[in-house]
Amino acid sequence: MEIKIQSIHFDATEKLQEFIDKKVSKLEKSFEDIRKAEVQCKVVKPATAQNKEVSLTVTVPGNTLFVEKTSDTFEEATDLCVDSMKVQLQKFKEKMRSR
């Protein structure tokens, strides 16, 4: 699986990139056939709480799944995105089985 990380309006640290990489790569346990994952980290309205936005786009055969979460930290938002994506992947997997 190819993982692409974009940071918008700030420079992502090496530590943050490794964290995102580690978390997103765990999605392969839920669904093996993930082609590509794109993560966008964005700072919205600086100097306010809940201003870190993470969106996760996962490309699977025949479909693209999308999740977006906002939180106080990028790590927390990434966790929420990955958890939400796991649920979407499970539902997608069930649909594939029923066909």
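This is a predicted model: local features need pLDDT of at least 70, side-chain atom pairs count only at pLDDT 80 or more; totals for chains, interfaces and linings use all residues.
**Overall fold**

The protein contains two helices and four strands, and their order along the sequence is β-α-β-β-β-α. A compact globule of 99 residues would have a radius of gyration near 13 Å, and the value of 14 Å found for the protein agrees with this. Along the principal axes, the C-alpha atoms occupy a box of roughly 50 × 20 × 20 Å. Taking contacts between residues at least 6 apart in sequence, 48% of them join residues at least 24 apart.

**Surface and charge**

Buried residues make up 32% of the 99. There are 18 positive and 17 negative side chains. The centres of these two sets are 5 Å apart.

**Nonpolar core**

The largest nonpolar core is made of 25 residues. Within this core, V24, L27, L56, V58, M85 and L89 have the most contacts. Two or more core residues come from each of α1 (14-25), β2 (36-43), β3 (52-60), β4 (63-71) and α2 (74-98). Helix α2 gives the largest share, seven residues.

Leaving out residues up to four places away, L27 touches I34, L56, V58, V82, M85, K86 and L89.

S55 belongs to strand β3, while T70 is part of strand β4. The table gives their accessibility.

| Residue | Relative accessible area | State |
|---|---|---|
| S55 | 8% | buried |
| T70 | 36% | partly exposed |

S55 counts as buried because its relative accessible area of 8% falls under the 20% cut-off. T70, at 36%, is partly exposed, because that class covers values between 20% and 50%.

T70 is in contact with Q50, K52 and E53.

R97 is 27 residues from T70 along the chain, and the C-alpha atoms of T70 and R97 are separated by 32 Å.

How values were computed:
Residues are numbered from 1 along each chain as its sequence is written. Side-chain values use heavy atoms; hydrogens and water are left out. The radius of gyration is taken over C-alpha atoms; the globule rule is 2.2 Å times the number of residues to the power 0.38. Buried means under 20% relative accessible area, exposed over 50%, partly exposed in between (1.4 Å probe, protein chains only). Contact means heavy atoms within 4.5 Å. Lys and Arg count as positive and Asp and Glu as negative; His and the chain ends are not counted. The place of a charge is taken as NZ of Lys, CZ of Arg, CG of Asp or CD of Glu. A nonpolar core is a set of buried Ala, Val, Leu, Ile, Met, Phe, Trp, Tyr and Cys residues joined through side-chain atoms within 4.5 Å.
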